[in-house]
Amino acid sequence: MNYDDANIFAKILRGEIPNETVMETDHALAFRDINPQAPNHVLVIPKGKYVSFDDFAANADPAEIVDFIRTVGAIASAEGLALKDGGDGFRLISNAGKNGVQEVPHFHVHILGGRWLGRMLKKPEGE
Ligand code: AMP
């Protein structure tokens, strides 16, 4: 799948639309989800043009991958969710493609926490 420069996170990275930044590094940007599903709901995206987790894992430089993973961990700490800091925990989600129900085709990880999040997956209605 080719990267679509018109996706909304590409526009955020270009500064064309606003975002509520939580953290920025050389290779990553973290900002609050516009439609939060939990008291803490932060999105972390690489600054590079990667469509999905698999694209990022295969094609990003090691420096980008380390920076991204460290940023996700730093957000969990900064939001007070990290176990190592005595937090109550969190969930990471990265949706990919049609079956993963990915809306924005720029790789991102959701960090969710601040309440009990329930079972990991529910079957869709009617299944
Ligand atoms: P996904 O289904 O994993 O692609 O989810 C995309 C997420 O991006 C959703 O949770 C949206 O609420 C969120 N989102 C869409 N537009 C924006 C925006 N302008 N700022 C922050 N979050 C956004």
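**View 1. The Q102 side chain reaches the backbone of V51 and G97.** In this predicted model, the side chain of Q102 comes to 2.9 Å from the backbone oxygen of V51. The Q102 side chain also reaches the backbone nitrogen of G97, again at 2.9 Å. Q102 itself sits in the loop between α4 (97–100) and β5. With a relative accessibility of 17%, Q102 counts as buried, because the cut-off for that label is under 20%. Setting aside neighbours within four places in sequence, Q102 is in contact with V51, S52, N95, A96, G97 and H108.

**View 2. The ligand and the residues around it.** There are 15 residues around the ligand, and D33, N95, E103, H108 and H110 come nearest. Two of these names, N95 and H108, also turn up among the contacts of Q102. Now for the backbone: a backbone N or O atom of E103 lies 2.7 Å from an oxygen atom of the ligand. For V104, a polar backbone atom is 2.9 Å from a ligand oxygen.

**View 3. Five strands make an open, antiparallel sheet.** Reading across the sheet, the strand order is β1-β2-β3-β5-β4, with antiparallel pairing. The edges are β1 (21–24) and β4 (90–93), each of which pairs on one side only. On average, neighbouring strands in this sheet are turned by 20 degrees against each other, ignoring direction. Helix α3 (residues 62–78) packs on the sheet and touches β1, β2, β3 (40–46), β4 and β5 (109–113). The direction of α3 makes about 165 degrees with that of β3.

**View 4. D5 and K49, a salt bridge across the chain.** D5 pairs with K49 in a salt bridge, and the closest N and O atoms are 3.0 Å apart. This pair links distant parts of the chain: the two residues are 44 residues apart, with D5 in the segment before α1 (8–13) and K49 in the loop between β3 and α2 (53–59).

**View 5. Other salt bridges in the model.** The structure holds six salt bridges. Side chains of opposite charge can pair when their charged atoms come close. In one case, the side chains of E16 and R14 meet with an N to O distance of 2.7 Å. Both ends are partly exposed: E16 has a relative accessible area of 48%, and R14 comes in at 43%. In another, D85 and K84 meet through their side chains at 3.1 Å, N to O. Here K84 is exposed, with a relative accessible area of 70%, while D85 is partly exposed at 45%. Which residues are linked in a network of salt bridges? The network consists of E20, R32 and E79.

How values were computed: Residues numbered from 1 in each chain as written. Predicted model: local features only at pLDDT ≥ 70, side-chain atom pairs only at ≥ 80, totals over all residues. Heavy atoms only, no water. Pairing = 2+ DSSP bridges. Helix = DSSP H or I, 4+ residues; strand = E, 2+ residues; numbered from the N terminus. Axes fitted to C-alpha atoms, helices over the stretch in contact; angles between N-to-C directions. Contact = heavy atoms within 4.5 Å. Salt bridge = Lys/Arg side-chain N within 4 Å of Asp/Glu carboxyl O. Buried < 20%, exposed > 50% of the residue type's maximum accessible area, 1.4 Å probe, protein only. Polar contact = N/O pair within 3.5 Å; in protein donor to acceptor, adjacent residues only side chain to side chain. Near = heavy atom within 4 Å.
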